[in-house]
Amino acid sequence: MIQDLFDFLQSSPVNFLAVETVCNRLRDAGFRPFDPSEPLCSAAPGDRFYVTKNGSSVYAFVIGSKPLADSGFHIICAHCDSPTFRIKPKAEMCRGGMLSLNTEVYGGPVLSTWFDRPLSLAGRVIVSSGDVMHPVTRLLHIRRPLLVIPNLAIHFNRQVNDGVALSRQKDMLPLMAQSVTEAMMKDGVLLSLISSELGVEKKDILDFDLYLYDTTPPVTFGLCDEMISAGRLDDLSMVHAALYAMTSLGEGYVPEHTDIMAIFDNEETGSQTKQGAGSPFLRSMIERVVMAQKGGGDDLYRGIEKSFMISADNAHAWHPNYTEKYDPTNHPLLGGGPVIKLNAAQKYATDAVSAAVFAGICRKAGVPCQYFVNHSDVAGGSTLGNILASSLPVNGVDMGNGVLAMHSVRETASVTDHINCIKAFTEFYR
């Protein structure tokens, strides 16, 4: 399972490639792609299909033996985006013959962790098709180290270890080349690179969504290799766990309820996009399933009342160097099992009922679970559960595995936690 997680992470440096990887694995498991612009004519028991939105979110369905109105659905949602840096248009900045790329911050990364690391580019490139309304999308994944964001030497910044405010515009620009000539700049270094990598003419490149990613592979570490160090564990580890659970059910397995996996984009920037959890897209797909089952206008609402959602987004594991940041009685440990997240201000969807349900699922799966509540003097973040509940008012729990250094370029997690999470998700789908 852990090597499979590492393979998944390596093929998923950004949201677009994560969705491509998910779709490939779904097809291998017998799921068929569905074009949302086409009619959904039927939804028979055992049907397996998936649909994408914007190429950066994906939704998979296993139709149950009973109509949605009678059995509801079991949904696991997660997100495929992670904090990073987006390449701006007209990105090339040549100073002293050295070429840097102009970037803007995506999400909330721990900026200092991106210094002095081998980085590269990944994302999508929009190419002319001859039809202005329907250009072609090509995915780009440059696997070799291509850039670095160099730190300033301590000799020029003696206070660096006392804490330094970083400028997102000045300090975080990645270095791409040295000895750049005027002819190279005139020709367009970045466009030339994209053209070469994709085998397309530069004149046909219309636009791109490209991001930085750390090329360092994930590893296990610790005395017994019990911990994981990797980039993008938040939230691709939860995407992997949901995908692993759904595809391991077996093609012949048909649950009574309908199983759904929803992998959203743009959680790190608020989810309010057509491919985010704030979009009505998932609800509209569920409505289409109800209609394909020849259900009436009331069937969706009946199904919602019989459904359950797991919002899977990682939690903060207890950090032994910063014990004062954690609640004194509810601080999850690495290796302690999946974490149920609670918040009195309703930043999480969890309540006593949904917490009890998820804890029961963990017991049935034979795995431990634990709880996270914010220290009352430390503000917490938000996640998918309540955003999705605004369009699908379904009973649900916000949970995740505990990680250290969340939003760092590399995060730390537990091997056993990931295995146990897959067991819990598999039990939930079954």
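Me: Which residues does Ile310 touch, not counting residues up to four places away in sequence?

Reply: This is a predicted model, in which local features need pLDDT of at least 70, side-chain atom pairs count only at pLDDT 80 or more, and totals for chains, interfaces and linings use all residues. Residues are numbered from 1 along each chain as its sequence is written, and side-chain values use heavy atoms, with hydrogens and water left out. With contact taken as heavy atoms within 4.5 Å, Ile310 touches Ile75, Ile76, Cys77, Phe358, Val397, Met399, Phe425 and Phe428.

Me: Why is the pair of Phe85 and Trp114 called edge-to-face?

Reply: Rings of Phe, Tyr and Trp (its six-membered ring) pair if their centres lie within 6.5 Å, and planes under 30 degrees apart count as stacked, over 60 as edge-to-face and the rest as tilted. The centres of Phe85 and Trp114 are 5.1 Å apart and their planes stand at 80 degrees, so the pair is edge-to-face. It is one of eight aromatic pairs in the structure.

Me: What makes the charged end of Arg430 sit over the ring of Tyr253?

Reply: The term requires NZ of Lys or CZ of Arg within 6 Å of the ring centre and within 35 degrees of the ring normal; the charged end of Arg430 lies 4.8 Å from the centre of the Tyr253 ring and is counted as sitting over that ring.

Me: How many residues of strand β4 are buried?

Reply: Buried means under 20% relative accessible area, exposed over 50% and partly exposed in between (1.4 Å probe, protein chains only), and seven of the seven residues of β4 (residues 73-79) are buried.

Definitions and conventions: Helix = DSSP H or I, 4+ residues; strand = E, 2+ residues; numbered from the N terminus.
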